[in-house]
Amino acid sequence: MLGGGNEDISERLAAIDDTEAEARAQALREGLADYELDDEDAALLADWIDGEEQRDARRPDPVVAVVGRPNVGKSTLVNRVIGRREAVVEDTPGVTRDRVSYKAEWNGKNFTLVDTGGWEQDAKGINKRVADQAELAVQNADAVLLVLDVTVGVTATDEGVVNMLRRVKKPIIVVANKADSPQLEIEATALWSLGMGEPFPVSALHGKGSGDALDALVNALPEFSEVAEAELEGGPRRVALIGRPNVGKSSLLNKLAGSDRVVVDDTAGTTRDPVDEIVMLGGEPWRFIDTAGIRRRVHLQQGADFYASLRTQTALERAEVAVVLLAVDEVLSEQDVRILQMAVDSGRALVLAFNKWDTLDDERRFYLEREIERDLAHVAWAPRVNMSAKTGWHKDKLVPALHTALDSWDRRIPTGRLNAFLGEIVAAHPHPVRGGKQPRILFGTQVASRPPKFVLFTTGFLDPGYRRFIQRRIRETFGFEGTPLEVTMRVREKRQRKR
């Protein structure tokens, strides 16, 4: 069993100054000349520089709200404009529930499209909150795309949407969607009667007529948004909020944002699109991505839930750190463990947020700690925050945990310091002899950060247990709390001397 001696190694490392560490590393590096190295080895051994992100202020692109009653094809139109299937599309009305932003471009003009849930007059319950989100999107937009279904004509709900839009005094582009035939294009002219300007017959499904509507839209847009706040180039740190359905992700985002930004309902899986929100925490901005609850088996999912699960993975890829929300009033499930593994496999920094902690009694707390020891031992390195999404209890502890994880994720260990550590650890705990041979570590280098990745040049294969030992001691010695680590090896043989 490998272990122990960490304090002694730390003391010996502290006694080695940077100059001596660099000199040792240089000698080890030169010693690699005696071994067979390929071009990839040379690239890995080249000086590795982690560039600093520029974070200058940038004026934001204009914002366009896409509104209309349920099932008129708003999300289909959004997908047509952005050129990919990103917004959830399904024949069922009400699939989109939150306002969701996408970057778009037309004829060299950049703008932000905000897809909204269907607006309904006199809506109640969750539908009322969906309608409220749509109205907020209109208030925070520079222009509006009003989408109507030409196959149905103007309904009472459509007239309600129009009356709401008349109050906002913003450019309105009327899209007569589902105009899939010449006859339907002619019928679109009846929409002049709404008094909202020229109706553009469009087939969002096939793309027909969308160019004319977009031409009119970009002509109506200002050069820069007059309602959105200036963005930082490089942006705030990006946080993906993930977890199984109904663990409180949207409630947490609303509590952090200080407003009902995301639709919250007791129905599991209310959120289906990732929703970005800039939240001020600890005096600095963070970009939170509230993601759809992940279902048990991807291959069993259909329609909206299937695409939402795929975009949860996309949200992880966009993020720098994942906050995995776990509900402590229920037994930790296979789903929780699988979602955690998804976050680890994505290579993002990781924070565990245990929700509803304020509801725990002593008995449940006892069993929960046993579950954590049994099921979450593989992520024992992740910072833990015990909190309540509903009340906001301990939400202030999230920022230090995020900083800890991100600092580790960004960290770069000087090559000299890393090789001094490897020398000390191998001297204290040499690799076991196998078949009369004992593999040696010739040199180590960190080849990447975000997440940290290390390559060890060795004279033979290291046992998996010894590799895990090295990985654990790197984490302990250099403080890699909250980030996955990758340690790989490259076995190299000595050059054959020419006679």
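How many bridges join S5 to S6? The legends below take up that question, along with the overall fold, in this predicted model.

**Figure 1. The whole protein, with its 15 helices and 17 strands.** Of the 499 residues, 50% count as buried. The protein exposes about 23,600 Å², and carbon and sulfur atoms supply 48% of that area. Among contacts between residues at least 6 apart in sequence, 74% join residues at least 24 apart.

**Figure 2. Strand S5 and its pairing with S2 and S6.** Here is the answer: six bridges join S5 to S6, and these two strands run parallel. On the way from S5 to S6 the chain passes through helix H6 (residues 156-166), making a right-handed β-α-β crossover. S5 also pairs with strand S2 (residues 63-67), again in the parallel sense, over four bridges. Look for Leu 145 of S5: its bridge partners are Val 66 and, in S6, Ile 173.

**Figure 3. The two covered faces of S5.** Seven of the seven residues of this strand (residues 143-149) are buried. On one side you will find Ala 143, Leu 145, Val 147 and Asp 149, while Val 144, Leu 146 and Leu 148 sit on the other.

Figure 4. Asn 177 counts as buried because its relative accessibility is 3%, under the 20% cut-off. A polar atom of the Asn 177 side chain lies 3.0 Å from the backbone nitrogen of Ala 204. Leaving aside residues up to four places away in sequence, Asn 177 touches several others, including Val 72, Gly 73, Val 147, Asp 149 and Ser 203.

Methods. Residues are numbered from 1 along each chain as its sequence is written. This is a predicted model: local features need pLDDT of at least 70, side-chain atom pairs count only at pLDDT 80 or more; totals for chains, interfaces and linings use all residues. Side-chain values use heavy atoms; hydrogens and water are left out. Buried means under 20% relative accessible area, exposed over 50%, partly exposed in between (1.4 Å probe, protein chains only). Contact means heavy atoms within 4.5 Å. Accessible areas come from the Shrake-Rupley method with a 1.4 Å probe; for residues, only the protein chains shown count as cover. A polar contact is a pair of N or O atoms within 3.5 Å; within protein, one must be able to donate a hydrogen and the other to accept it, and residues adjacent in sequence count only if both atoms are side-chain atoms. Two strands pair if DSSP finds at least two bridges between them. A crossover is right-handed if, with the strands pointing away from the viewer, the path from the first strand over the helix to the second runs clockwise.
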